[in-house]
Amino acid sequence: MKTTENTAEQFVQLIEQHQKLIWKVAAVYCSESEARKDLSQEIILQLWKSFPKYDPKHKFSTWAYRVALNVAISKYRAKSTRKRTKHNYFKQGEWLVWGTPNWEEEKIERLYQCIGKLKPLDRALIVLYLDGHSGQEVAEIMGFSLSNVSTRIHRIKQLLKDCVKS
Amino acid sequence: MEFQELSQLWQNSDRKLEQNIQLDLPQFEEINQGKVRPQMNNYLVTVLIELFVGVAFQSFLNNFIGGHLATPAFWVPAVLLAVINVYSIVFNAYQLYLYFQINLGEPVIEAQRIMTRLRLLERIDTYSLLVIIPLCAGPFLIVGAKHFLGLDLYQFSAYFLPFFLMNFVVAAIIVTLLRLFPDKELKENQAFLDSIVKMEEGYVGDLV
């Protein structure tokens, strides 16, 4: 019992430290705020369900990114995030309380929009890259080779530059 | 605008996010108190039921075949049903295997490959039923009538043969239609699997 409580405490602490990660992943896969909330709840729930499999030898952020991206890509591809999760999770209450970020620059909103135009796996790559992960870390989270990641990121960067400019 | 600038924007927005997101701890702790019970996965339940029914049906067919070895008119349709049923059991067992292989903490590509394959199998399973049902209706009726009613349907062969042939035609039409108008989800999942393979091979292709 005590172990479960400790585990939950530890989990809550880790999620507190990494809540931005959940927000960002949800934001690049859902443009509507309600769908984004649903997706973030789903991500948190799946993180909790998968937590027993987490190996502390690895960085929590690497594991959390994998889970969050896998949930987001699957839900995005199933195209029924709201229908599936609304009744199951949303009515339970909101675990992440969201303000409306006051982006001083429209450009950041534009950047999110441009990322939203990419294919699901490419969105994951660029979010990881923008979050400051090295090519090697991106490759580890995604399961691609390093050279593959570098080539794709190079192309995506060019595309985003053009998109934000336009 | 250089990408460096976009990257800087992202980092700045990251700092602002901290002021706008807050974890609602009392709500969140409900996770641990068991108040949040996500719906049991319908897919898993369906596959388990199919598997259970398949195994039970196989046991029935084995007994039926054993009891009618002297009359090919009955054991032949039963064997046909058994072959299709074994295929169905193996198919369901493979789906179950893939389901338990899903680990969201695995690299994204690996987990997505398994989940997409599973979705693909789910669609194939649904559509294969459209073909299997008309094909198996005749043998199923012969076996069922004999076992449960003690009735030999061959005595109605004047009606039974056209019914049997009609079912073949229905199955053939369904196969043709499915080939002409493949399911959108089936196509999308196959395309996603193909794109994963291409990405792994280093092919960049279209990004949007």
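Predicted model: local features only at pLDDT ≥ 70, side-chain atom pairs only at ≥ 80, totals over all residues.
Residues are numbered from 1 along each chain as its sequence is written, while chains are lettered from A and ligands numbered from 1 in the order in which they are written. Local features need pLDDT of at least 70 and side-chain atom pairs count only at pLDDT 80 or more, whereas totals for chains, interfaces and linings use all residues.

Me: What distance does helix α9 of chain A reach from its first C-alpha to its last?
Reply: Helices (H or I, at least four residues) and strands (E, at least two) are DSSP runs, numbered from the N terminus. Helix α9(A) covers residues 146-165, which is 20 residues. The expected span is 1.5 Å times one less than the number of residues. For α9(A) the expectation is 28 Å, and the reach is close to it, at 28 Å.

Me: Within what arc do the buried residues of α9(A) fall, seen down its axis?
Reply: A residue is buried if 20 or more other C-beta atoms lie within 10 Å of its own, exposed if 12 or fewer, and partly exposed in between, with C-beta atoms placed from the backbone. The buried residues of α9(A) are Asn148(A), Val149(A), Arg152(A), Ile156(A), Leu160(A) and Val164(A). They line one face of the helix, because their directions from the helix axis to the C-beta atoms fall within an arc of 100°.

Me: Which residues are exposed on the other side of α9(A)?
Reply: An α-helix has 3.6 residues a turn, so residues three or four places apart point the same way. The exposed residues on the other side of α9(A) are Ser147(A), His154(A), Gln158(A), Asp162(A) and Lys165(A).

Me: Is Ser40(A) buried or exposed?
Reply: Ser40(A) is placed in helix α3 of chain A, residues 33-50. Because Ser40(A) has 27 C-beta neighbours inside 10 Å, it counts as buried.

Me: How many of the eleven residues of α2(A) are buried?
Reply: Helix α2(A), residues 19-29, is mostly covered. Its buried residues include Trp23(A), Lys24(A) and Tyr29(A). The number buried is nine.
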